[in-house]
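The briefing below concerns the structure shown here.

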Amino acid sequence: MSERQGVLVLAEAQEAQVAPVTTELLGLGRRLAHELSSALSALLIGSGVGGISQDVIALGADTVYVADRPELGTFNSDAYTAVATKVCREAAPSVVLMGHTSIGRDIAPRVAARLGASLSTDCVDLRVDQDTGRLLQTRPVHGGNALATIASRVHPQMATMRPRSAAPAEPDPSRNGRIIPVDTSVLDIQARVVETVREEAEGLKLEEARVVVSGGAGIDGAQGFDLIRQLASVLGGAVGATRLPCEQGWVSPSFQIGQTGKIVTPDLYIAVAVSGAPQHMAGCMGSGYIVAINNDPEAHIFKLADFGIVADYREALPALIRKCQELVSS
Amino acid sequence: MNIIVCIKQILDPEMPPVKFKIDAQAKKVIAPEGIPLVISPFDEQAVEAALRIKDAQEAKVTAITMGGQSAKDAVKHVLAMGVDEGIVLSDEAFNGSDSFSTAYVLSQAIQKAGEYDLILCGRQAADWDAGQVGSIVAEELGIPVVTLARKVDATGGTVRVERVIPDGHEVVEAPLPAVVTVSSELGQARLPTGRGIVMAARKSIPVWSAQDIGCDVSRVGAGAARSEVVALTLPIHERKGEIVSGETGAQAAVNLALKLRENRII
Amino acid sequence: MSDKFDAIVVGAGPAGCATACKLARAGLEVLVVERGKFPGAKNMTGGVIYGPVLDSLFPGAPGDIPVERAIGRHVICLLSDRSSVSLDFNMAGSGDRNGYTVLRSRFDRWLANKVEEAGGIVAAGLRADDLLWQGQRVVGITAGGDEFRADAVIAADGVNSTMATKAGLRVNLSPENVNQGVKEVIGLPREAIEERFGLTSDSGAAIHFLGFCTRGVHGGGFLYTNKESLSLGVVVQLKALMESNLKSVDLLESFKEHPTVREYIRGGTTVEYSAHLVPAGGLRMVPRLFTDGLLVAGDAAALVLATGRALEGINFAVASGIAAAETVLKAKERNDFSKESLSVYEKLLADSFVLQDLKTFREAPRFLENQRLYQTYPELACKLAEEVFRVDGKPKKKLWQLARQEMKGRVSIWQLLRDGLSARSSL
Ligand SMILES: Cc1cc2nc3c(=O)[nH]c(=O)nc-3n(C[C@H](O)[C@H](O)[C@H](O)COP(=O)(O)OP(=O)(O)OC[C@H]3O[C@@H](n4cnc5c(N)ncnc54)[C@H](O)[C@@H]3O)c2cc1C
Ligand SMILES: Cc1cc2nc3c(=O)[nH]c(=O)nc-3n(C[C@H](O)[C@H](O)[C@H](O)COP(=O)(O)OP(=O)(O)OC[C@H]3O[C@@H](n4cnc5c(N)ncnc54)[C@H](O)[C@@H]3O)c2cc1C
Ligand SMILES: Nc1ncnc2c1ncn2[C@@H]1O[C@H](COP(=O)(O)O)[C@@H](O)[C@H]1O
């Protein structure tokens, strides 16, 4: 246990760039490595990803392990698990961080099982306990009704981080680091991706929008979302939803915000006819301002918002859209 | 085809947030009186996935749950939905098990239960929301795993899964036996029928102990846990919750817009 | 699977479980359908099971029955808005007991388990929707979209009994025949309960309140001790409640605020809140109890004794359930489930306390209509007590003088006499 040292981050590439979540992990990893007086390394898996290893160094990694091979171009659980396990065995870090993403949440438990590691998923905060040197892993439980802080009894201590819960690292192009190629001759692939179907997202990407207007079950039908779209467009924002509108097909499933949907942190989040269930709020709690529109004065969301109005959305939204238009264009 | 579904009984995740209470000292959640436990919703959908396969072909579906006294209610519910057999794993030794021990116990029971082709789990248990056990079961058994399924087809030794990704889905194929974890996009689980409920009430549900499934007790329970909870707290919401009023809803909306402008939010 | 049973019992409350337990033990194939997620899931009661009624089904009771405390102390307490006068009957020291407190979610579950142990089938989460008929005869039920057949159906589905209504045996409830109960279970440490109520480890107290607890509305309040909680509630006539424009929750709130009650529940936390109806019409309200292929038991048959003091319903439910089972067993011997054959049921009930008590107290519901019981007399009693016990340096008066003085403007001597006579004949 004591020979293990350092922090290792699983880096993800997105459209030939370092993924935003990885930038956050590197910022966090740097801080933890500093507190543990050790080094920060990163593992980059993919095809033709060598080019961004320098960016990963600029963002704080001292060492980058690069597993570069055509088969690794798209995510494969077996192959990524095999590579990550191998690197963790060789680099022997005491802390392993991944994003709580489609990739991280898939392979983290498998890698942990193989390494005999501990694992906390979907963490929102990581700190080093000054007395024991253990990693304190804070994560929402019970859908966000409570926060648990967990400490490991074994090493390595693994965690997946909820996107947008740590400040991104600032790149420093002058940084130097080592790049180490990983032997990828054994990938043990059993399950294969045979087809990928992408659903075109309409308009602005939810995660990048500075304003998000979300509709909930109270919108009661696909038509009501026209008003949501209009308000979003007046404010230059994107449209989101709670689970029910997605399940009902009023909007595409990719609009779902929450614990099992997307995590957004816009400057302004307007929740319309949303009750404020913790599983939904998990996806927007980090927003700058939260505004609630609900016709039930007792709705829980008013306790979680900065501003609210008690009104039927059908009455409130047309007026809000008009007034915002007027204010924004003046 | 032999299908195993792992189900967990939990506190109702959709109970009103005001009912949710914790004992910070003991680092435990206080189960509210009068709110019955439920099957974790993703697990109920995993059962649905199994039954959809069974609707189309010859298959036997067995549900397994590790839990306490009331775990039988969970098994009864899925038997009523159409599951063929149910098994409860219950033993003092299991108390305080973490994801790794739980997966170990489940995999021991799965092996004891007989031949298996497909193992279905929920994407995560909606109490601790860990999302680990299914994948670790696959590791314990040395078989492949596909996570976050929204559709599962299994024929001729292969499972074909539509796996949810952020901007769509991918189709993944794996040789059987395999583990698949099911996401909410699979759709609503079916309701039990009257006949199903009566049939389920008639079935006896075996309870297996650690010894029954040949567990190495040093690998289970609180003592074997790889981590410990050092604090449990309620989240603090630091928003002021100001209600902007107006004579009518429309007027309130106008006042809201002005308020947002005043605070330079828009 | 064959869908034909010897008997189908609708409702896994005390009445239904007692019936099913007895039938299953006799070797009959019994199906109990219960709409709650589990037996007892949504049921409520004040909490006292009076008398030895369970002994016949479970010899050696309480045995493993999940009882909370055995009642060794009965108190009747009259409340004015700020004080109270009590009659306190305490036999706890003698070791004598009369009844137990129970919590329904635990008790009903235990009862249902006993049914299963005896070989009965308890299907929870299944609501009976309708009766199945063959001509004039009930031959089963429909539930969850499926049909289930049986020689006999026992409607033990509680105060709103859809089954008895669909069988045409009774009409819908009317507000003067039914009481609304609201109750909280308030958690308190064991030691606090035992200290406050002067109890030893397994003994308990039952307190019945009259007066300010219902703010003058026809009804009363109760407080029962459990192991680590108190059951506190008010029961009021639905009609009087509707006329008063008060809500039962508000009554419960002001009851909790009363100085006498506040002291008892101090420091407690509410762990459960529930509301339920209970039959209150007495004998007048009891419907026809059987028809071809069907028997009605417990609250479904309005078999509840309300005398303004305690509410006795569970013991009546269990006793009627046992009688229903005995009737089915006799009918089975003859293989005749006709009306005539099932009429044994009424005889069995007429010979037991169930119908006899209801007969004895047949005038009680009318007597309890008297508004003075809920305001005038409790206030009078408290005032009188205050005068009797007050020493204020002024010359004292005789008791009768005090009484006359307090009665002035509230109640005439004639009214008092009449009420007294009427109480004598109806209670
Ligand atoms: C394990 C798990 C994971 C989950 N993950 C997610 C997730 O990722 N994202 C998610 O969103 N949910 C998720 N949920 C579901 C979540 O618990 C809630 O059920 C859901 O968020 C509620 O959505 P809602 O607020 O739109 O609906 P409701 O709770 O039904 O609220 C509707 C609101 O609309 C108001 N309203 C109705 N009509 C009007 C009107 N005309 N004008 C104004 N207001 C009106 C009502 O007062 C009410 O407050 C999850 C649940 C579980 C158990
Ligand atoms: C506030 C209050 C205080 C009371 N205090 C006392 C007391 O201290 N002592 C006492 O002895 N009595 C008391 N009673 C009365 C007592 O609770 C009832 O008389 C007793 O519970 C009747 O039992 P039962 O089995 O007939 O009906 P219930 O207990 O009402 O059971 C009926 C069952 O049938 C089920 N059911 C109903 N419809 C259907 C359907 N269609 N399909 C399937 N299942 C169905 C219900 O879910 C329920 O489980 C009190 C009542 C109230 C409301
Ligand atoms: N105690 C348990 N009994 C049966 N299955 C379980 C248990 N705990 C977890 N699982 C299964 O593993 C999945 C993931 O659980 P978790 O990793 O705890 O979030 C659940 O959705 C269940 O399918």
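With three residues, β6(B) makes the greatest contribution to the shell around ligand 3; helices (H or I, at least four residues) and strands (E, at least two) are DSSP runs, numbered from the N terminus. This is a predicted model, in which local features need pLDDT of at least 70 and side-chain atom pairs count only at pLDDT 80 or more, while totals for chains, interfaces and linings use all residues. Residues are numbered from 1 along each chain as its sequence is written, chains are lettered from A and ligands numbered from 1 in the order in which they are written, and side-chain values use heavy atoms, with hydrogens and water left out.

- Ligand 3 has 17 residues around it, and those that come nearest are Cys6(B), Asp43(B), Gly131(B), Gln132(B) and Val133(B); a residue is near a molecule or strand if one of its heavy atoms lies within 4 Å of it.
- The shell around ligand 3 consists of nine nonpolar, six polar and two charged residues. Here Ala, Val, Leu, Ile, Met, Phe, Trp, Tyr, Cys and Pro count as nonpolar, Asp, Glu, Lys and Arg as charged, and the others, Gly among them, as polar.
- In the side chain of Asp43(B), an N or O atom is 2.4 Å from an oxygen atom of ligand 3. Such a polar contact is a pair of N or O atoms within 3.5 Å; within protein, one must be able to donate a hydrogen and the other to accept it, and residues adjacent in sequence count only if both atoms are side-chain atoms.
- The backbone also takes part: an oxygen atom of ligand 3 lies 2.7 Å from a backbone N or O atom of Gln132(B), and an oxygen atom of the ligand is 2.7 Å from a polar backbone atom of Val133(B).
- Ligand 3 taken alone exposes 480 Å², of which the protein buries 96%; accessible areas come from the Shrake-Rupley method with a 1.4 Å probe, and for residues only the protein chains shown count as cover.
- In chain B, β6 (60-66), α3 (99-113) and β8 (118-122) are the elements that give two or more residues to the shell around ligand 3.

**Ligand 2 and the domains of chain C**

- Chain C is assigned domain 1 (4-66 + 104-171 + 286-351), domain 2 (176-279) and domain 3 (367-426); the bounds come from an automatic or database domain assignment.
- Ligand 2 lies between domain 1 and domain 2 of chain C, because both give residues to the shell around ligand 2.
- Of the 38 residues that surround ligand 2, the closest are Glu34(C), Thr45(C), Val48(C), Arg104(C) and Asp299(C).
- This shell divides into 18 nonpolar, 13 polar and seven charged residues, and α8(C) supplies its largest share, three residues.
- A polar backbone atom of Val48(C) is 2.6 Å from a nitrogen atom of ligand 2, and an oxygen atom of ligand 2 lies 2.9 Å from a backbone N or O atom of Gly313(C).
- On its own, ligand 2 has 1,000 Å² of accessible area, and the protein covers 97% of this.
- The C-alpha centres of domain 1 and domain 3 of chain C are 45 Å apart.

**Domains of chain A**

- Chain A is assigned domain 1 (7-181) and domain 2 (206-329), and their centres, taken over C-alpha atoms, are separated by 32 Å.
- Seven residues from domain 1 of chain A and nine residues from domain 2 of chain A form the contact, where contact means heavy atoms within 4.5 Å.
- Between them, these domains of chain A bury about 680 Å², with 46% of it on carbon and sulfur atoms. Buried area is the accessible area (1.4 Å probe) that two parts lose on being put together, summed over both.

**Interface between chains A and B**

- The contact involves 80 residues from chain A and 78 residues from chain B.
- About 6,900 Å² is buried between chain A and chain B, and carbon and sulfur atoms give 56% of this area.
- Of the area that chain A buries against chain B, 11% is supplied by His142(A), Arg153(A) and Phe307(A), more than by any other three residues.

**Backbone features**

- His142(A), in the loop between β9 (135-141) and β10 of chain A, has a positive phi of about 50° although it is not a glycine.
- The peptide bond joining His155(A) and Pro156(A) is cis, with omega about -5°; Pro156(A) is in the loop between β10 (146-152) and β11 (157-161) of chain A.
- A cis peptide bond also runs from Leu176(B) to Pro177(B), with omega near -5°.
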